[in-house]
Amino acid sequence: MVSAMELYMLLPKTNCKKCGLPTCMAFAVGLLGREKKVDECLPLIEEKKYEAKLKKLREVMAPLENASETGLIIHPEKCFGCGNCVVACPVNVAAEPTRCAVGLGPQGEKVILRVEDGVVKCNNLKECRRFGPNKILCNACTATCPSKAIEFV
Amino acid sequence: MAICTGCSLLCEDIEATIKDGNITAVKNLCRKGNGHYQALKTDRTKPMIDGKEVALDAAVSKAVEILKNSKNPLLCGWSNMTMEAQAAGILLARKLGATICDTSPTCQEDLMERIMDGKIPTCTLDDVRNFADTSVFWGSDPSNSHPRHLSRFSYYPRGEKRQKSYEEERICVTVDVRKSATATLCSNYYFRQPPGGDAEFAEAVLAVLDGKIPKVGDKKRMIELGTLLRKTEYGVIFPGPGMLLALQGKMDLFEKLVAKLNEITKFKVLPMPEHCNTRGYYQLMREQTGFINGVSLRGGAPAHGPEQRLAAAAKSCDAVLAVGSDPLAELPLATARALTRANVPLIAIDPHRSLTTDAAKVVIPSAMSGLEAGGTALRMDGVKIAFEPLIKPGKPDLLSDEQILARIMEAI
């Protein structure tokens, strides 16, 4: 996963404020939080000398486009389907205390994570602790993944 | 609720959607199990003699003919089928006076024998979930071999006495030659061993428990491990093939270690066979012949010894029946070569095309147990699980392993 610093290195670093933010670093953080878009950095789009940087930036940003509203990215090709995240997720446990909490697969529709066809799928994002402006930076699902198949932006 | 026979965990909480005899969607199935379910439609075998497709009856009568003419047949495999089929297999072996063997490493058998004799204490996976606070994965990587092991039983679920689970109350230790997927989950207690260094490691743990300074490994970390093991209330060791192969012939040392741990606190051992019903096979063999594996039933009285082990039996047999396993792919090269000697006819009963069915003289297709055929199987901890067939077999003449063995038996 890219860091804000890596994104900053691909920006003009002139602090021109045309994007509405005071510094390029702030813009990089905005990009990572998906509050800003690459096209909002006008010098990067307009000036020819930044062409290579723009290309690289779009490449780096491509995987972030697939992230869900909570910033969750699932790489199905890496997933073992082990269900560690399903059992560890506190929202899943609260939704199905007799199943998810004791290691069984969920039955209802209230859960966030569930394993379907051998890989993990994400539903009900609104229930996730990372949803919305007052989010809690919970990482129960990513910390318990043996193959790094799920990560947060 | 369906059951998965993809590995020895036999997960019972699978939700499968079936449309027109096809499985369209499955929930709660791990990647390995999903592959097992998908295999329902791929690479299925057809009845064959010498690579030419024939009718099922012709293939069965050819198999009967080979077994009848054989003086010293070897029946190997048995681990991927129901207990009913295994019982039919043992009856057949009695009738033929055959040698009967499975294809798992011999060292696993050594440990399993000690566990069944009660020399090494064991427990069920439900006990692990409810009471265990330390799980030691020694030479095993359940994230890959039994993907739902950690999430269903050994690390993440909340149990009766372990309500705070992995967050506060459970610790998972990995001893392995490489940083496996499981080791990444318990990086604080990952002990890397050189290949074959498990005996020294066991001695080092024994030394630490005796209050001595260990000879191998990082002394500080070994003492840390000793303290953790001493503080444990209910520990479970999950030995995998890595440890069993390294401790081949030195199982007494492991027994000594477990006994020492049990002087201090409660420690159980739960081996992790790979195939879905290896435990069932060992149990049945023990009940019916007195030995758990590698038994010759020639002349009535069961004989067990080095000559009856697969490596030796493969060289002396004059016909082979492979069922419920893929011996040529799983066994060491020398044994696999011995099984495919020019004048030894090989009969394979398998639902899927494999190395064994490719090399076999006679191939008899069977129904996949758990999906197309019902029965009972023993989970890795010895808990009996019964299951019904999930769907009807694609072809009406597809028989289960049990029915095929019964037909062969009848003809003989």
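Me: How many residues of chain A and of chain B are in contact?
Reply: Contact here links 23 residues of chain A with 24 residues of chain B; two residues are in contact if their C-beta atoms, placed from the backbone, lie within 7 Å. The model is predicted, so local features need pLDDT of at least 70 and side-chain atom pairs count only at pLDDT 80 or more, while totals for chains, interfaces and linings use all residues. Residues are numbered from 1 along each chain as its sequence is written, and chains are lettered from A and ligands numbered from 1 in the order in which they are written.

Me: Which element gives the largest share of the side of chain A that touches chain B?
Reply: H5(A), with 4 residues. Helices (H or I, at least four residues) and strands (E, at least two) are DSSP runs, numbered from the N terminus.

Me: Why is Arg152(B) called buried?
Reply: A residue is buried if 20 or more other C-beta atoms lie within 10 Å of its own, exposed if 12 or fewer, and partly exposed in between, with C-beta atoms placed from the backbone. Arg152(B) has 28 within 10 Å, so it is buried.

Me: Where is Arg152(B) found, and what is it in contact with?
Reply: Arg152(B) belongs to helix H7 of chain B, residues 149–154. Leaving aside neighbours within four places in sequence, Arg152(B) is in contact with Gly103(A), Leu9(B) and Pro157(B).

Me: How many residues of chain B count as buried, as a percentage?
Reply: 52% of its 412 residues.
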